[in-house]
Amino acid sequence: MWFHRPPINEELLQSLPNLKVVASCGVGIDHLDLKLISSYGVKVSNTPFAVSTDTADMGMALLLASARRLVEGHEMAVSPDTEYFPADWLGVEVSGATLGILGMGTIGYKVAERAKAFEMKILYHNRNQRKKEEESAVGAVYCKKIDDLLQQSDFVLLAVTLTPQTHKLIGKRELELMKPTATLINISRGLVVDQDALVEALQNKVIKAAALDVTYPEPLPRDHPLLKLKNVLITPHIGSATKKTRWVMMEEMAESIEAGLAGLPIPREVL
């Protein structure tokens, strides 16, 4: 499967009686009905570790680009109408700011490693608290309650898996808990955020900005209000989009297929 295609539904499963394995690219499995697939005796694999480094890089890239208003700055610099650069055109500082990471798995932790190099204060919320030595290595402080993280963070970065529990994890209430100077960064899945609530929050300056590599749907309808806001930066779900990583993802999927056909243990099997 590449970008959730083809859809693995009952019709497809019934039409492929000899199917052994479904190899899906990337880390997310929210597009797969694992119980249905398993009921046909089919195994599933994904490529969770191949994407983690590049996706963490993307998270920091979005944070920096939003904070320093890089897209707006580029547009100003190349515009034929620009006659001078205004002295009061300012971004916000990253160094010394507080980053709140929701989801401290492999990707979230790698974001924390990068943020440490930018001298950021790091808070995180996760289903399970990290080991003390892991926290110390990046200077991260665990927040048992999401609310505490939201209230203290200058940047809130989402790196959670999409599940029924994280569906619209960030809604109107959560956005109102954030600082009016805060930025929301999403590198997980579009459905983790209530987009209607986000539009309202951005329009009414409940939060300062958003930087999104994921939306729902993808791409957004061309008349979607998020596309018209200057305090939003949107990229086309390119967290893992480097030549090396995409090659490794294809290799890992091929390995899983070969193992499944040979009746061997499947690398990176999703259980």
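The second largest pocket of this predicted model is lined by 25 residues, and those nearest its centre are Glu72, Ala209, Lys230, Asn231 and Val232. Its volume comes to about 490 Å³. Two or more lining residues are contributed by each of H3, helix H4 (70–78), helix H9 (195–203), strand E8 (209–212) and strand E9 (232–234); H4 gives the most, with four residues.

The residues that line the largest cavity are Asn186, Gly190, Val193, Gln195, Leu198, Leu212, Val214 and Thr215.

**Annotated spans**

Two domain annotations come from an unreviewed UniProt entry. The record places "domain: D-isomer specific 2-hydroxyacid dehydrogenase catalytic" on residues 1–270, a span that is 36% helix and 13% strand in the model, with its end C-alpha atoms 14 Å apart. The record also places "domain: D-isomer specific 2-hydroxyacid dehydrogenase NAD-binding" on residues 60–239, where the chain is 32% helix and 16% strand and the end C-alpha atoms are 11 Å apart.

| Helix | Residues | Length | Span | Expected span |
|---|---|---|---|---|
| H10 | 243–261 | 19 residues | 27 Å | 27 Å |
| H5 | 106–117 | twelve residues | 17 Å | 16 Å |

In H10, the buried residues are Thr245, Met249, Glu252, Met253, Ser256, Ala259 and Gly260. These residues lie on the same side of H10 because they cover an arc of only 125 degrees around the axis. An α-helix has 3.6 residues a turn, so residues three or four places apart point the same way. On the other side of H10, Lys243, Lys244, Trp247, Glu258 and Leu261 are exposed. The buried residues of H10 pack against strand E1 (21–23), strand E2 (43–45) and helix H3 (52–67), and H3 is also among the elements that line the second largest pocket. After H10 comes glycine 263, which has a positive phi, near 75 degrees.

In H5, the buried residues are Ile107, Gly108, Tyr109, Val111, Ala112 and Ala115. The elements covering them include H3, strand E3 (98–102), strand E4 (121–125), helix H6 (132–138) and strand E6 (155–158).

Alanine 140 stands 18 residues away from isoleucine 122 along the chain, while their C-alpha atoms are separated by 4.8 Å.

Threonine 183 lies in strand E7 (residues 183–186) and counts as buried because its relative accessibility is 3%. Leaving aside neighbours within four places in sequence, its contacts are Ser66, Asp154, Phe155, Val156, Met178, Ala209, Ala210 and Ala211. Ala209 is also one of the residues nearest the centre of the second largest pocket.

Lysine 179 lies in the loop between helix H8 (172–177) and E7, and at 25% relative accessibility it counts as partly exposed. With neighbours within four places set aside, lysine 179 is in contact with Leu150, Gln151, Gln152, Ser153, Asp154, Val206 and Ile207; Asp154 is in contact with threonine 183 too. The C-alpha atoms of lysine 179 and glutamate 113 are separated by 24 Å, the two residues being 66 apart along the chain.

Definitions and conventions. Residues are numbered from 1 along each chain as its sequence is written. This is a predicted model: local features need pLDDT of at least 70, side-chain atom pairs count only at pLDDT 80 or more; totals for chains, interfaces and linings use all residues. Side-chain values use heavy atoms; hydrogens and water are left out. The expected span of a helix is 1.5 Å times one less than its number of residues. Buried means under 20% relative accessible area, exposed over 50%, partly exposed in between (1.4 Å probe, protein chains only). The arc is that of the directions from the helix axis to the C-beta atoms. Contact means heavy atoms within 4.5 Å. UniProt positions are given in the numbering used here, feature names are shortened, and annotations may be inferred rather than shown by experiment. On a 1 Å grid over the protein atoms alone, a cavity is a set of points where a 1.4 Å probe fits but cannot get out, and a pocket is an open set with protein on both sides within 12 Å along at least five of seven lines; lining residues have an atom within 4 Å of a point. Grid points are joined across faces, edges and corners, and a volume is the space filled by probe spheres set on the points.
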